[in-house]
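Load the model in your viewer and keep the sequence panel open. The stops below can be selected one after another.

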Amino acid sequence: MTLGAGWYLRRLSRMGPREIGGRAVDTARRRRWRSARPVCPDVPDARFTATLPPGVLAGAAPDAVKRLVAQADRLMAGHAEYFGVVRDDLADPDWWFDPKTGRRAPWGYAFDVPYRDEDTVGDVKQIWELSRHQYLTVLAAAYAVTGDERYAERVAAHLRSWWSANAPLRGVHWTSGIELGIRLLSWVWVRRLLDGWPGAGALFEENPVAVRQIWHHQRWLAAFPSRGSSANNHVVAEAAGQFAASCAFDWFPTSARWRADSLRSLDRHLRANTFLSGLNRELASEYHGLVLELGLAALAEADAAGVQVPASVRLVLLRMTDALAAVVDTSLRPPRQGDSDDGYGLVVDGAGTDRWASLLATGDAVFGRLDWWPEVTATDVRTPLLAALVRPYRRDDRPVERPAHFADAGLTVLRGPGGIWCRCDGGPHGFLSIAAHAHADALSVEVRREGVDVLADPGTYCYHGQPAWRRYFRSTLGHNTLELDGADQSVSGGPFLWTRHARTRVLEAGPDRWSAEHDGYQPSVHQRQVQLDGGELRIVDTVRGPGRAVRLVFHLGPEVVAELDGGRARLSWSRDGEDRSAVLELPAALSWRAHRGESDPPLGWYSPGFGRKEPATTLVGTGFTGGAGEFTTVLRFHG
């Protein structure tokens with residue numbers, strides 16, 4: 001997808017003077033670097049000392065180690081899956097190849113590469129993901145737990161291949177700071193996990209090519225930070241990666257300055273990206289996980305290097321962990337809110353490891369679990385690694401009861417018997433002026449029972465290259481809420497840009513009742529009330545204002561089978577081999593239809609992960625409001 005002049009004007013309109021000035025400086029520096037590339041200083045006596053304490057991995061749970069080694073063996077055979085695309089070419093990868101489109105990114109000066117243009121580059125996320133080198137941290141971890149040098153040798157071969165093919169400032173892998181930051185963090189952990197291998201020093205600190213790559217990555221990040229309206233999770237990844245590298249690879253004359261600058265940036269942006277309640281300001285659960293992982297990994301480097309960090313860094317990470325423990329359902333899944341691209345901060349575990357259980361296990365080790373935290377029984381490799389480096393941090397002013405309402409984030413969780421979980425959205429549209437990862441989902445609800453999506457948030461599916469699908473998954477129609485006149489509540493200016501944000505106000509938030517309203521359809525106002533009474537959930541939608549066309553939408557989870565009969569839908573699914581059912585009584589004033597797996601236009605889909613989608617039933621009620629319209633929906637669970 002090529003962005004036209006209109007997008008650039010809309011994007012410019014969301015920037016302030018300071019950001020515009022900073023971007024002008026960036027542009028001038030990019031032009032200067034084209035002909036005068038920065039030169040890495042000589043490093044005659046580099047050493048790596050940021051090693052793990054002895055015996056750390058001896059305490060890793062056997063089932064977690066088994067998953068890790070199985071994943072490493074699949075990688076050794078060349079097999080992996082990224083964003084729904086199966087790859088069998090990882091024994092000797094082409095670093096610029098996109099297996100989804102079959103295209104290969106062009107060579108040239110990095111800032112000339114049109115990475116947003118799928119027709120020219122391919123799907124850039126497919127190309128970038130492999131070069132985050134998180135599969136190499138898995139291979140390195142497999143070496144650390146087994147001592148099998150095959151894993152270490154494969155890591156070394158791939159790093160040398162990547163460094164040879166991706167000279168500094170050349171090609172698509174030098175275009176985005178978040179990629180450089182995460183890649184640096186991976187290299188730190190690769191070196192740490194390979195420490196017992198005789199070839200580790202020759203691969204890193206004794207290798208001039210590696211030293212130059214590490215220096216140029218940090219020089220790039222120091223020069224081109226994400227600015228202003230773009231200072232979301234990207235800037236946290238940039239700061240975390242640079243801080244980790246400047247601690248672990250403390251080899252350069254500028255390392256101390258880079259370390260101090262990146263720590264200030266990390267502290268500032270962890271606070272800026274996080275509500276005081278601990279929830280992520282992007283209101284996107286996957287990015288909450290990414291930022292928490294990045295923050296914990298950076299903290300591990302600080303404590304390993306003996307670098308003093310501001311108390312606010314630990315406090316934000318503690319609050320984020322408590323908030324995560326508060327919002328998850330009975331299966332430890334958080335809300336499916338906002339964008340999600342399956343991004344991780346640090347990967348040392350095999351497939352099948354529960355990301356959220358892993359984060360809570362690390363939180364328990366570092367911060368200590370509270371009495372109301374859900375029980376975590378799943379195991380992982382990452383927790384003992386991080387816990388071996390991070391200094392424990394305890395506070396007495398944490399919540400004494402499980403929070404249900406997060407006023408600053410506008411998120412409320414209602415809980416009922418039998419594992420009923422209902423997330424109500426009454427928060428800000430998104431973070432910063434562009435709200436890049438927001439969806440037009442004001443007043444939406446998400447309902448699960450025992451971890452099964454009943455009324456589901458459909459997810460994200462894609463970012464670049466498929467504009468119709470991107471519009472659908474972030475639209476009002478793509479969420480469990482009410483749409484007027486076929487328009488979104490907020491106005492989109494591009495795939496990561498909103499030019500007008502609906503404003504939402506929570507009116508009531510109790511243990512079993514919630515209500516809120518938003519102004520996205522001025523002069524009309526949409527108000528929603530939700531009440532959970534035992535196994536019955538009642539949703540009342542009211543529209544005040546002139547008569548308008550209305551669509552009320554309920555997206556069912558992919559495991560739910562629906563039989564629609566007029567204004568009544570019988571729902572059924574299974575959980576651990578046992579049948580479950582519910583009845584959805586829909587407003588009689590609307591005409592109801594079931595949609596499933598439709599593509600023109602998209603409707604009736606669920607995305608279980610980035611790049612993947614599957615058909616699911618969506619119930620759409622159409623009609624009109626007249627002055628004041630009220631629509632009541634009742635969901636009754638059986639058993």
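Is Thr460 buried or exposed? Select Thr460: its relative accessibility is 3%, so it counts as buried (buried is under 20% relative accessible area, exposed over 50%, partly exposed in between, with a 1.4 Å probe and protein chains only). This is a predicted model, in which local features need pLDDT of at least 70 and side-chain atom pairs count only at pLDDT 80 or more, while totals for chains, interfaces and linings use all residues. Residues are numbered from 1 along each chain as its sequence is written, and side-chain values use heavy atoms, with hydrogens and water left out.

**Stop 1: around Thr460**

Thr460 sits in the loop between E7 and helix H17 (467–473); helices (H or I, at least four residues) and strands (E, at least two) are DSSP runs, numbered from the N terminus. Now show the residues in contact with Thr460, leaving aside neighbours within four places in sequence: Gly338, Asp339, Ser340, His439, Arg470, Phe473, Ser607 and Phe610 (contact means heavy atoms within 4.5 Å). From this set, pick Ser340: its backbone nitrogen is 2.9 Å from a polar atom of the Thr460 side chain. For scale, draw a C-alpha to C-alpha distance from Thr460 to Met320, which gives 23 Å in space for a separation of 140 residues in sequence.

**Stop 2**

Select residues 445–449, which form strand E6; five of its five residues are buried. Val445, Val447 and Arg449 point one way from the strand, and Glu446 and Arg448 the other way. In a regular strand, side chains alternate between the two faces of the sheet.

Arg423 has Glu446 in E6 as its bridge partner. The hairpin of E6 and E7 has two residues between the strands, and Glu450 takes a positive phi near 55° in it.

**Stop 3: Asp329**

From Arg448, go to Asp329, whose side chain makes a polar contact with the side chain of Arg448 at 2.9 Å (a pair of N or O atoms within 3.5 Å; within protein, one must be able to donate a hydrogen and the other to accept it, and residues adjacent in sequence count only if both atoms are side-chain atoms). Asp329 is in the loop between H14 and helix H15 (355–367). Its relative accessible area is 2%, so Asp329 is buried. Not counting residues up to four places away in sequence, Asp329 touches Arg415, Trp421, Arg448 and Gly451.

**Stop 4: the cavities**

A cavity is a set of points on a 1 Å grid over the protein atoms alone where a 1.4 Å probe fits but cannot get out, and lining residues have an atom within 4 Å of a point. Grid points are joined across faces, edges and corners, and a volume is the space filled by probe spheres set on the points.

The largest cavity has a volume of about 110 Å³. Its lining includes Leu279, His288, Leu324, Pro334 and Leu411. Helix H13 (285–305) and helix H14 (311–327) are the elements that give two or more residues to this lining.

End at the second largest cavity, with about 60 Å³ of space. Among its lining residues are Asp425, His439, Asp441 and Thr504.

Notes: On a 1 Å grid over the protein atoms alone, a cavity is a set of points where a 1.4 Å probe fits but cannot get out, and a pocket is an open set with protein on both sides within 12 Å along at least five of seven lines; lining residues have an atom within 4 Å of a point. Two strands pair if DSSP finds at least two bridges between them.
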